[in-house]
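Please walk through the structure shown here, one contact at a time.

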Amino acid sequence: MSQTLSTRSLRWCLAGLALAAPWFSAPTLAQEPIKIGSFLSVTGPASFLGDPELKTLEMYIERVNAAGGVLGRKLQLVSYDDAGDAEKARTFATRLIEQDKVDVIVGGSTTGSTMAAVPLAEKAAIPFISLAGAVVIIEPVKKWVFKTPHTDRMACEKVFVDLQARKLSKLGLISGSGGFDKSMRAECLKVAPKYQIDIVADETYGAGDTDMSAQLTKIKNTAGVQAVLNPGFGQGPAIVTKNFKQLGITVPLYQSHGVASKEFIKLAGDAAEGVRLPASALLVAEALPESDAQKKVLVSYKQSYEGKFKSDVSTFGGHAYDGLMLAVEAMKKAGSTDKAKVRDALEATKGYMGTAGVVNMSANDHMGLDLTAFRMLEVKGGNWVLVK
Amino acid sequence: MSHYRSSRHHGLIALAAIIALLPLVLSNKYFYDVAILIGFNAIVCIGLNLLIGYAGQISLGHAGFFGLGAYASAILTGNYGWPPVIAALAGMAGVGSLAFLAGRPILKLKGHYLAMATLGLGIIISLVIVNQDRLTGGPDGITVGPFSVLGFALENERAWYWFIGGLLLLTVWLSQNLIDSPMGRALRALHSSEVGAQAAGINAAAHKLQIFVLSATFAAGAGSLAAHYSGFITPAKAGFIHSVELVTMVVLGGMASIYGAVVGAAVLTLLPQILTVLKDYEMVVLGAVMMATMIFLPRGLVPSLAALCERWRDLLPPSLVLRLEALIGRGRKP
């Protein structure tokens with residue numbers, strides 16, 4: 001009797017242990033997912049940035065996991081929608097750091113939301129890869145903050161280099177009043193002297209304006225204008241392009257990477273012919289020569305995205321791809337998710353080929369792109385063509 | 001008369017107790033952060049409720065005042081090296097003067113026209129902030145240094161929590177005193193009938209202007225501190241959407257109720273944080289919650305629930321009610 005009792009109790013004990021076992025063994029480090037934190041402007045006025053970014057992150061995290069994950073661990077995305085509000089971005093960044101305890105942050109669609117989270121990442125010592133454009137994010141260099149998109153300063157420089165090649169030096173500016181427009185205009189004014197470019201006219205238009213003839217007429221009548229640059233975003237640049245043609249202005253017109261999409265050509269119609277703009281190579285992925293080292297990455301990303309979401313690829317989603325892959329590479333190289341080691345590995349990134357270009361980071365450069373990241377495109381026959 | 005004072009103090013004591021006990025459940029900086037945001041929103045909403053709920057004057061431009069206060073602090077401390085307290089006070093004084101000057105003509109309008117005029121004022125402020133980029137940093141925003149009082153810097157969330165908690169209590173106390181003063185009674189008279197109030201000898205224009213200026217000053221003060229707390233401010237905080245958010249908090253919490261403003265601010269700051277688990281459906285559920293509140297509790301959370309409690313009390317046996325009231329130390333209103 002006593003023996004049966006003891007065997008029975010033993011059996012119960014074993015059963016209990018078997019039940020309890022997963023609770024004890026599960027949270028070993030090897031099984032726990034690596035948490036990628038993200039706050040993006042998925043809704044609101046900046047949703048054209050956040051939406052493709054989130055889709056890209058979700059799609060590629062799934063892919064990385066299907067391929068076995070990183071360091072033998074799965075990736076897990078924790079993302080929040082800041083709706084383009086910097087204060088919400090700061091709260092969500094706090095949440096990612098304090099509550100979700102993520103290993104790395106890849107996010108921040110706008111400059112405002114990124115800058116609101118920068119002090120938190122710096123204080124908490126967590127690698128933060130921003131997806132926003134402005135130079136202020138990485139200048140001055142912040143220990144824990146990196147970014148993947150090219151800056152508007154580089155777009156200006158790309159245009160100025162092209163102007164130099166065409167032996168033009170007197171430039172008229174016409175820009176809108178949005179954040180992108182203002183930031184790029186300021187950067188262009190700043191770097192113009194370096195390239196011996198004279199800004200001879202500097203006109204602006206409002207966000208909802210439907211006619212820019214007045215400003216363009218003023219530029220047309222400015223003595224010596226050899227080219228016009230329109231740092232702009234949204235519908236404005238298409239209207240500028242149309243008015244430009246209607247007024248019969250014959251000097252070259254440059255647009256910015258802000259309108260580097262098929263939408264612009266659709267809106268501007270025939271007037272877009274001959275317009276040049278600096279853009280990410282993603283836009284002309286298939287047209288790149290086979291010898292181009294970037295082609296493989298671009299075509300693969302473009303086809304995956306367009307295949308899955310049935311919508312045109314955008315450079316913004318590409319920035320998220322680069323951010324995620326940089327983080328993955330850094331963790332692989334560091335051999336752990338230790339934040340300081342991952343940060344060091346990120347800073348030591350060399351020769352990484354992303355959708356934005358070749359990334360060579362250093363202690364002084366937390367973006368790592370050079371002017372080759374931009375391609376000069378021209379509209380010909382209703383399509384983008386690479387300028388040789 | 002005496003029971004007014006006691007009920008007033010009970011509310012204040014309850015709020016103080018909540019603020020004092022909350023840190024027991026705030027386990028990390030994130031929870032502190034949300035609590036602090038509630039505090040900022042509550043301060044603005046109390047001011048706004050004085051204007052909307054008590055005086056019956058709508059303002060769709062309050063985010064503009066909030067933004068002006070924030071930018072005044074950012075620019076005066078950042079570019080001119082002013083001490084944060086002086087900058088905040090200067091911002092409040094500046095916004096108060098602006099509200100005084102703009103309020104004189106604007107407050108002559110009524111209903112939709114007043115809403116449009118305040119909306120216009122808010123949009124002008126936000127446009128100025130966006131376009132004066134040399135000073136304000138433009139649409140990308142501007143960095144703001146930490147806040148300090150007499151050399152004592154508010155560096156961590158905990159310090160900010162106690163500071164804002166104290167400030168919220170002070171705001172509630174001041175507002176309650178104001179409402180129970182002759183001025184408050186005049187405002188409520190104005191709300192029910194402006195002609196009637198004027199016939200009773202109340203200077204309507206002056207009273208409306210005073211409360212408008214006070215309300216704007218509250219918003220500016222909260223804006224200044226919020227800017228220091230965030231460390232970064234963008235023009236979105238001065239924009240129309242933020243104005244609407246503030247009015248929504250007031251209406252949801254309950255018009256003409258100080259605690260309604262606090263509850264409204266708390267609910268609408270917390271809900272988006274809680275609803276993030278719903279991902280794509282977040283906005284749908286948030287909208288449904290707000291619609292349901294307005295349909296079933298049309299006077300807002302606090303006044304409607306208070307009325308509901310009152311009705312339930314009548315259903316209970318009187319002896320139990322008396323005992324309960326003795327417990328919470330409150331007598332039935334005569």
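In this predicted model, helix α2 (residues 29-54) of chain B and helix α7 (residues 157-179) of chain B cross with a left-handed sense. Two packed helices are described by the angle between their axes and the distance between the axes. For α2(B) and α7(B), the angle is about 15° and the axes are 9 Å apart. Angles under 35 degrees count as roughly parallel, so α2(B) is roughly parallel to α7(B).

The residues that α2(B) brings to this packing include Y32(B), I36(B), F40(B), I43(B), I46(B) and L50(B). Among those that α7(B) places against them are W160(B), Y161(B), I164(B), L167(B), L168(B) and V172(B). Glycines take part as well, including G39(B) in α2(B) and G165(B) in α7(B). By class, the contact of α2(B) with α7(B) has 16 nonpolar, 4 polar and 4 charged residues.

Next comes the contact between the chains, with 21 residues from chain A and 20 residues from chain B. On the side of chain B that touches chain A, α2(B) gives the most, with 5 residues. That side of chain B holds 6 nonpolar, 9 polar and 5 charged residues.

A strand pair in chain A remains. Strand β13 (residues 374-380) of chain A runs antiparallel to strand β14 (residues 383-386) of chain A, and 4 bridges join them. L377(A) has L386(A), in β14(A), as its bridge partner. The two strands, β13(A) and β14(A), form a hairpin with 2 residues between them. In the turn, G381(A) has a positive phi of about 60°.

Note on methods:
Residues numbered from 1 in each chain as written. Chains lettered and ligands numbered in written order. Predicted model: local features only at pLDDT ≥ 70, side-chain atom pairs only at ≥ 80, totals over all residues. Contact = placed C-beta atoms within 7 Å. Nonpolar A, V, L, I, M, F, W, Y, C, P; charged D, E, K, R; others polar. Axes fitted to C-alpha atoms, helices over the stretch in contact; angles between N-to-C directions. Parallel < 35°, antiparallel > 145°, perpendicular 65-115°, else oblique. Left-handed = near helix turned anticlockwise from the far one by under 90°. Pairing = 2+ DSSP bridges.
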